[in-house]
Amino acid sequence: VRGLWAHLALYDVSQFVFRYIDKFILTLLLSEQLFAIYFNGSQEIPFLSLLLGAAGSAALMQLSGSKHAASDDYAIALQIRSSKLLSCIVFPLFFFFLAFRTEVFTVLLSEKYIPSIPIFLVSIMVVPLRAYSFTTILQNRHKGGIINAGSVGDIVIACALMYPFYLWLGLPGVAMSFVISSYLQAGYYLYHTARLVNKPVIALIPVSNWLIKLIVFGCLLISLHYILTIYLSPEIVLICGILSMMVISVAAIIIEFKTGNGTQHTQAEA
């Protein structure tokens, strides 16, 4: 247990470093104006980390307190259930920021930060990953070494890609290096989790559920943005977008709960 806590403490520190290392490096290299543009475009959506942390902690508590805690199938089912619910919030939020990114910057900040929008567009590509807690099963199985190896590798890859991607794409390239490293880290965790539970990687992810949501939420919010911008001012467009995103999320959660409860009843009867 002491070893696992030590690994998790190191993991938290490395995640903090990953979150700010690009900004620290760029403060040494960029002018104040350019750094402000990057800083505003690369800001993380704060409550997403809290949401993912809460979901991961809840899943860990349920795993540790269940009589089926040692069952790989139970752990996978719980992980999939959690990711389905998380996606009801994360995916609409992702498409909201994707479609309404211009209004977010021009209305909430100012038009002088319009150059930050391409950086923001790249940065939010990491948001869909927040619909899955990649380390929950690894933590439950006390695989702190694997967790930290993925975290350190995340930082190393991002820093290695930062300069060549900056030469290629400018400041959006810096953001892209961190997005790519995050997806590689997610793949690394999924690979080791699959080996741990003796399942293929595809069995750990609710692919069909996510795919349907991505298509439906994407079509709804992108189409809505297109229609609203024709008739309304940016301020009203942004307000309507926020309200629509909230309605879609709540509706998706209700549907997910009903679907999940129906599936559980069917399995219990079987």
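Lys-23 is buried, its relative accessible area being 8%; here buried means under 20% relative accessible area, exposed means over 50%, and partly exposed lies in between, with a 1.4 Å probe and protein chains only. The model is predicted, so local features need pLDDT of at least 70 and side-chain atom pairs count only at pLDDT 80 or more, while totals for chains, interfaces and linings use all residues. Residues are numbered from 1 along each chain as its sequence is written, and side-chain values use heavy atoms, with hydrogens and water left out.

The secondary structure amounts to 11 helices and zero strands, where helices (H or I, at least four residues) and strands (E, at least two) are DSSP runs numbered from the N terminus. Along the sequence the pattern is α-α-α-α-α-α-α-α-α-α-α. Of the 270 residues in the chain, 45% count as buried. Among contacts (heavy atoms within 4.5 Å) between residues at least 6 apart in sequence, 79% join residues at least 24 apart.

Five salt bridges are present in the structure, a salt bridge being a side-chain nitrogen of Lys or Arg within 4 Å of a carboxyl oxygen of Asp or Glu. One of them pairs Lys-23 with Asp-22, with the closest N and O atoms 3.7 Å apart. Asp-22 is also buried, at 4% relative accessible area. Both partners are touched by Tyr-38, whose contacts, apart from residues up to four places away in sequence, are Asp-22, Lys-23, Leu-26, Ile-119, Leu-171, Val-174 and Ala-175. Tyr-38 belongs to helix α2 (residues 32-41) and is buried, with 1% relative accessibility. Tyr-38 and Val-174 are 136 residues apart along the chain, and their C-alpha atoms are separated by 9.1 Å.

Ile-119 is also a contact of Pro-172, which touches Pro-118, Ile-119 and Val-122 when residues up to four places away in sequence are not counted. Pro-172 is placed in helix α9.

Arg-141 and Asp-72 meet through their side chains at 2.8 Å, N to O. Arg-141 lies in the loop between α7 (136-140) and α8 (144-169) and Asp-72 in helix α4, so this pair ties together parts 69 residues apart in sequence. Asp-72 is partly exposed, with a relative accessible area of 23%. In the other pair, Lys-199 bridges to Asp-73, and the closest N and O atoms are 3.3 Å apart. This pair links distant parts of the chain, 126 residues apart, with Lys-199 in the loop between α9 (171-197) and α10 and Asp-73 in helix α4. Lys-199 counts as partly exposed at 33% relative accessibility. Salt bridges with shared partners join Arg-81, Lys-213 and Glu-256 into one network.

Helix α4 (residues 72-99) packs with helix α10 (residues 207-231) at an angle of about 30 degrees, their axes being 9 Å apart. Axes are lines fitted to C-alpha atoms, for helices over the stretch in contact, and angles run from 0 to 180 degrees between N-to-C directions. The angle makes α4 roughly parallel to α10; angles under 35 degrees count as roughly parallel, over 145 as roughly antiparallel, 65 to 115 as roughly perpendicular and the rest as oblique. Residues of α4 in this contact include Phe-91, Phe-95 and Phe-96, and those of α10 include Trp-210, Lys-213 and Phe-217. By class, the contact of α4 with α10 has 12 nonpolar, five polar and two charged residues. Ala, Val, Leu, Ile, Met, Phe, Trp, Tyr, Cys and Pro count as nonpolar, Asp, Glu, Lys and Arg as charged, and the others, Gly among them, as polar.

Helix α4 also packs with helix α5 (residues 101-108), at an angle of about 70 degrees and with axes 4 Å apart. This makes α4 roughly perpendicular to α5. Phe-96, Phe-97, Leu-98 and Ala-99 of α4 meet Arg-101, Glu-103 and Val-104 of α5. The contact of α4 with α5 has five nonpolar, no polar and two charged residues.

Most residues other than glycine have a negative phi. His-142, in the loop between α7 and α8, has a positive phi near 60 degrees and is partly exposed at 46% relative accessible area. Asn-198, in the loop between α9 and α10, has a positive phi near 55 degrees and is exposed, with a relative accessible area of 66%.
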